[in-house]
Amino acid sequence: MTDRRSVLLWTVSLIFLASPTAARQDLVQERFAFSPEVPMSDAVPSPAEFLGYELGTMVTLHADVVAYIKTLSESSERITLHEYARTYEGRPLFYMVITSPENHNRIEEIRRNNLLLADPETSDEDAALLIAEQPVIPWLSYNVHGNEASSTEAAMQVAYRLAAGTDEHTSDLLDQAVVIVDPVINPDGRDRFAYWYRSVQSEIPNPNSSDLEHSEPWPGGRTNHYWFDLNRDWVWLVHPESRGRMAAYQEWLPQVHTDYHEQSANNNYFTMPGMTPRNLNLPDTYDEWAEIFGQANAREFDRHQINYFTRESFDFFYPGYGSSYPSLMGAIGMLTEQGSSRGRVVETDDGYLLTFRQGIFDHYTTSMAGIETSVKHRSELLDYFRTFFTPSANKNDTKAYFLPDDGGKGYTYDVIEILLQHGVEVDRATAGFSIRDAYDYWTGRMSSRSFEAGTFVIRTDQARHVLINTLMQRQMAIEDSVMYDMATWSIPLAYNLDASWTLSEFRFDSETVASAPEHDSGLRNPGAGYAFVIDWDQRNAPKALSLLWEAGYRVRSARKTFTIDDTEYTQGTLIVLLGRNREKADTVRDDLDRIARVAQVRIMGFDSGRVQDGIDLASANSRPVKKPRVALLVDRPMSTYTAGQLWFLFDQWTGLGIDRVRARNLSANLLNIYDVLLLPGGDLSDVFDSTMVGHLRQWVSAGGTLIATESSAAFFTKDRSKLTGVELVKSDEDDEKKEEPKERYYTRYEARSDSSGLRRIPGSAMRGILDDSHPLAFGIGDRLYSLKFSSDALEPSDDLQTVGYYDRNPEEVLASGYASRENREKIAGKTFAGVQPLGSGKVVFLVDNTQYRMFWVGPARMIQNAVMLLPGM
């Protein structure tokens, strides 16, 4: 009952009042008591009773959160618990379904009926009957960023309130709503933060933001095991946390979804609505709903004198957020951001003591306000949801998108798998057909095009039309160049696919795709007596090379093409000569059969080294490639995200073990252990002083391969470290000693942030031309879309082997996104991927990220080539 909770709050407060400093900070202020007016059942334990401490006085470990929600589900007939995934570190992920016992008795019927509302085949009459009786489904997602810890604590309190409240209001809420609570989206990151914080917290809470307890070590708890931001993975489903959550989400399809976050301690609480740019594919009424929910939060904050702001920050343009993706699925997707104490208490810049308890209270308050608003507008939200999925609500003129079957060479099958996981209907042509007005992604121009049988077709006259157009459009309409994340994510560009779209109706023979095709794989002609060959243009060829090395095989890579039995094998193709692997004679066929199955590649056996055309299999142009010892530089000042992406690319996709070396531990002696040094972006000035640059030069000259990506590439130019003579591209104004002051110098202070946005490149796709005869580009083709976040580029020169350069035409170089004319003119024709020989070694420059978030993976083969092939070429 309420009295019991008051006694507990009073007791814990006395413990903290024992310290004078703690007394001043008052970690469990009565002001932040959770709904003290609501009577609670004695049969259901509160978080404080179960955990043994008041929320806000400790950071709760994930295992204790799980133990508590399991106890709730056992103590209350209003809650069921559902495990939906396991993290890389083996932690379980759960969501709770919280509703009245009566609703639980027919919960499967409610779930199926909800999906019927999202089905265009459901008649208007049947939909109206469902809307009249169906509960609304709000879904609350907490702690996607592990070190934003207050939201999980709030989730426990929300679940307790709904499970234990004995008042009529709580019963009414649960009669009319099925509330889904995901208490910890990122358990690995949360525990990384929680264990660290507990290990450094003082007995006396310290509000000084400079204290150790407010300063996490690299990589911090924000990210998952591989240092990925899971709040960017809702669409791409790279990680098990995302895939499991999406499977559950598609089973429910809520009408409301709120994503709970933290921000700087000096910022007040952010609640809806946000700012531009907006996704203009969404219904016009979405903004009205964002205002309704935001106003509900504001009223509660006004009542409690909680400071907040709206409309000045946070756009929802990028589709992979937990606040934006649900909006593509018929929900009112929303974000909240609490000022973060990053501990139990911190002093803000105006002298206010912001406590962990307040963060929990604020999130609890908006959680309950969101549930209550959902119930208040139940029928209108269900009507919005129903209309959203109606094909006639499509605001885009595109009729269909076409993805020709690449036979598993590229990423087409990956894309089909992603779309299917989001409930998109995909067809496959059973016969060839032609489209008069097929628009090409590379040029953006229209022409007639013929498509072969096997082409995948994604029509827009289906329920998921908003999602489809958002993900597949070459260019989204952009209202504002100042954006929180990136300006493009178009799937055909990100995965470097040959694709088209049409604005016209068309006819074709097709079948429905139920699952993504399997890669054509297996060992062919296993009894071959001379060699086995793996074409390097296969999607998973690098993984096959890793497995060959792991099995102890000597492998060669073809620097030129060759033809056998009228089939051309591309540059980079792997060759296993049986004469050079005679010790493997008894196991080679079993080994290669296993490798073909595990890596999902085709391995071809041949009885002769003589070919039909091109180089012979044992030619000097098939070079031995040995397993390299690779060091990936991590820790400050390296980019956590890029380091994680590179680690993931080799650990998960490629199967090649690499060493993650702390930047501060790098030395001349350590360098000499390795064949390859791989650098994410970062400010390298403190890592490589002039002495270390000298050691690096000696190491490369002796045969080492240095791979510098993003801002690290700029560091190794003539302008910075002087390791090489490669030059950064300068803008016109850099070359001018004197000039008339530019108009932007007089930009008003209030407009400077917007003005700076116009001058940067906010994650846009540039058309890139490749020299596909160079080993760095093997297996990609002669063009790709390079994702650009800066205006950095390299000057082509005789000494620099330019492997990739931006389209030379400033009017054509931008494929999607935003770049000012000034920046387009600056980078057009300049190098983004190149190799500078240095003695017996090489310096590889990759100015742009080649595997961004592991969805912009069209260029990813370049980093695999740099690590796996280049050292031997």
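A salt bridge here is a side-chain nitrogen of Lys or Arg within 4 Å of a carboxyl oxygen of Asp or Glu. The legends below describe close-up views of a predicted model.

**View 1. Aspartate 191 and arginine 91 form a salt bridge.** The N to O distance between the two side chains is 2.9 Å. Aspartate 191 belongs to helix H10. Arginine 91 sits in the loop between strand S1 (79-86) and strand S2 (92-98). The partners are 100 residues apart, so distant parts of the chain are linked. Aspartate 191 has a relative accessibility of 5% and counts as buried. Arginine 91 is buried too, at 18%. The cut-off for buried is under 20% relative accessible area. The structure holds 43 salt bridges.

**View 2. Aspartate 635 pairs with arginine 664.** This salt bridge has an N to O distance of 2.9 Å. Aspartate 635 lies in the loop between strand S27 (630-634) and helix H20 (640-654). Arginine 664 lies in the loop between strand S28 (659-662) and helix H21 (668-671). The pair therefore ties together parts that are 29 residues apart in sequence. Aspartate 635 is buried, with a relative accessible area of 6%. Arginine 664, in contrast, is exposed at 63%.

**View 3. Lysine 730 and aspartate 719 meet within one loop region.** Their closest N and O atoms are 2.9 Å apart, in a salt bridge. Both residues lie in the loop between helix H23 (711-715) and helix H24 (732-735). They are 11 residues apart in sequence. Lysine 730 is partly exposed, at 37% relative accessible area. Aspartate 719 is also partly exposed, at 33%.

**View 4. Salt bridges with shared partners build a network.** Its members are Glu148, Arg222, Asp229, Arg232, Asp485 and Arg853. Arginine 853 is located in the loop between strand S36 (841-846) and helix H27 (860-868). Its relative accessibility is 13%, so arginine 853 counts as buried. Phi of arginine 853 is positive, near 55 degrees. Most residues other than glycine have a negative phi.

**View 5. Aspartate 565 has a positive phi.** The value is about 55 degrees, and the residue is not a glycine. Aspartate 565 occupies the loop between strand S21 (562-564) and strand S22 (567-569). This residue is exposed, with 62% relative accessibility.

**View 6. A cis peptide bond joins tryptophan 218 to proline 219.** Omega is about 5 degrees. Proline 219 is in the loop between helix H10 (187-200) and helix H11 (240-252).

**View 7. Methionine 272 and proline 273 are joined by a cis peptide bond.** Omega is near 0 degrees. Proline 273 falls in the loop between strand S6 (269-270) and helix H12 (286-304). Most peptide bonds are trans.

**View 8. Helices H13 and H14 cross at roughly 80 degrees.** H13 spans residues 356-376, and H14 spans residues 378-388. Their axes come within 5 Å. Angles of 65 to 115 degrees count as roughly perpendicular, and H13 and H14 are therefore roughly perpendicular to each other. H13 contributes Ser374, Val375 and Lys376 to the contact. H14 contributes Arg378, Glu380 and Leu381. By type, the contact residues are 2 nonpolar, 1 polar and 3 charged.

Key. Residues are numbered from 1 along each chain as its sequence is written. This is a predicted model: local features need pLDDT of at least 70, side-chain atom pairs count only at pLDDT 80 or more; totals for chains, interfaces and linings use all residues. Side-chain values use heavy atoms; hydrogens and water are left out. Axes are lines fitted to C-alpha atoms, for helices over the stretch in contact, and angles run from 0 to 180 degrees between N-to-C directions. Helices (H or I, at least four residues) and strands (E, at least two) are DSSP runs, numbered from the N terminus. Angles under 35 degrees count as roughly parallel, over 145 as roughly antiparallel, 65 to 115 as roughly perpendicular and the rest as oblique. Contact means heavy atoms within 4.5 Å. Ala, Val, Leu, Ile, Met, Phe, Trp, Tyr, Cys and Pro count as nonpolar, Asp, Glu, Lys and Arg as charged, and the others, Gly among them, as polar. Buried means under 20% relative accessible area, exposed over 50%, partly exposed in between (1.4 Å probe, protein chains only).
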